[in-house]
Amino acid sequence: MEITARIHAIEAPPAFYTGPQAPNVFLVTDGGEGALIDSGFGDEQSLRARLEYLRERPDVKVRYIILTHHHFDHTSGAQRLRQATGAQVAMHPQEERFLLDWQGDAPQDLDVPPDQQAVAEQVQRFRQQAAEAVPDLPVTDGAVLAVGGLSLEILHTPGHTLGSICVYIRAERALFTGDTVLGLGTVAISPPPYGDMALYLQSLERLKAVAASLMLPGHGRPVEDVARKLQELIDHRHEREEQVLRLLAGGKTTPRSMLGAIYPELDRRILPMALRQIEAHLAKLQAEGRVEPAGPGGWRVV
Ligand SMILES: [Zn+2]
Ligand SMILES: [Zn+2]
């Protein structure tokens, strides 16, 4: 799908359920060179579709596969795409240990309920594949990768994960946001050491200053109303934080006891994610000296 003459989304049949939408993979091209933004899933069907798409563009030499963060829905296809294209895999150094530790318990974009053994096994295969995508090129904030005459600027935007990056193409005013901003809904933020709510809000504030006219998210549709979307996300987190403080003051002292008030229609499959979300708010408030631990698993307002 063409987004602009130099930016395309490489679609693949929906291979695996990870929430409302499959991960996006973008191809940026200019002057006979290209870069992929994220790799999508590593299953045969997705890979075949994406490799076929690249084969139909023999004029494009893919130089980089830029991974916005370590989660397997964005990275498990990277090794095969690297082998096929000879591109270099670029990623923020803070993501690498989570990528490589595929048996570790870093939260992903999908929680697998304990009774779904087949899904759990597929996730482990994807994570193992993702760990093969050992980055060739660590990229930190301010790095610039050239693709033809285009400059791809790396912005370090921690929050969803600590090494999440966005990629900005000034000439197109296009911002690839990974899972920092989605095309639909809000993204899961885990508490440290995996994510950080305070850093997430700082990252969103920073993206407001970029003055992009188009955001291309890791999941969902492109976002054209950039400033409004970013403000909505910031406001949503501030409202949720106020809600957590109100619930604490009202006697709901543990994340579990707050669940019903915050997520009245919670699907049990996302229960761990919902708990981590509340914990992420509490960790931010604790760092700011506004709440403190009180009793087993509980908190109180300072
Ligand atoms: Zn994702
Ligand atoms: Zn993610």
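What follows is a short exchange about a strand and the sheet around it.

Mentor: This is a predicted model, in which local features need pLDDT of at least 70 and side-chain atom pairs count only at pLDDT 80 or more, whereas totals for chains, interfaces and linings use all residues. Residues are numbered from 1 along each chain as its sequence is written, chains are lettered from A and ligands numbered from 1 in the order in which they are written, and side-chain values use heavy atoms, with hydrogens and water left out.

Trainee: Is strand β10 enclosed by the rest of the structure, or open, and how many of its residues are buried?

Mentor: Strands here are DSSP runs of E, at least two residues in length, numbered from the N terminus, and buried means under 20% relative accessible area with a 1.4 Å probe, protein chains only. On one side of β10, I165, V167 and I169 are buried, and on the other C166 and Y168 are buried too. Strand β10 (residues 165-169) is therefore largely enclosed, the buried count being 5 of the 5.

Trainee: Which residue of β10 is the bridge partner of I154?

Mentor: Two strands pair if DSSP finds at least two bridges between them, and β9 (residues 150-156) is joined to β10 by 4 bridges, running antiparallel. The partner of I154 in β10 is V167.

Trainee: In what order do the strands of the open sheet lie?

Mentor: Strand β10 is joined to β11 (residues 174-178) by 3 bridges, antiparallel, while β11 and β12 run parallel, with 4 bridges. The pairing in this open sheet of 5 strands is mixed, and the order is β8-β9-β10-β11-β12.

Note on methods. Buried means under 20% relative accessible area, exposed over 50%, partly exposed in between (1.4 Å probe, protein chains only).
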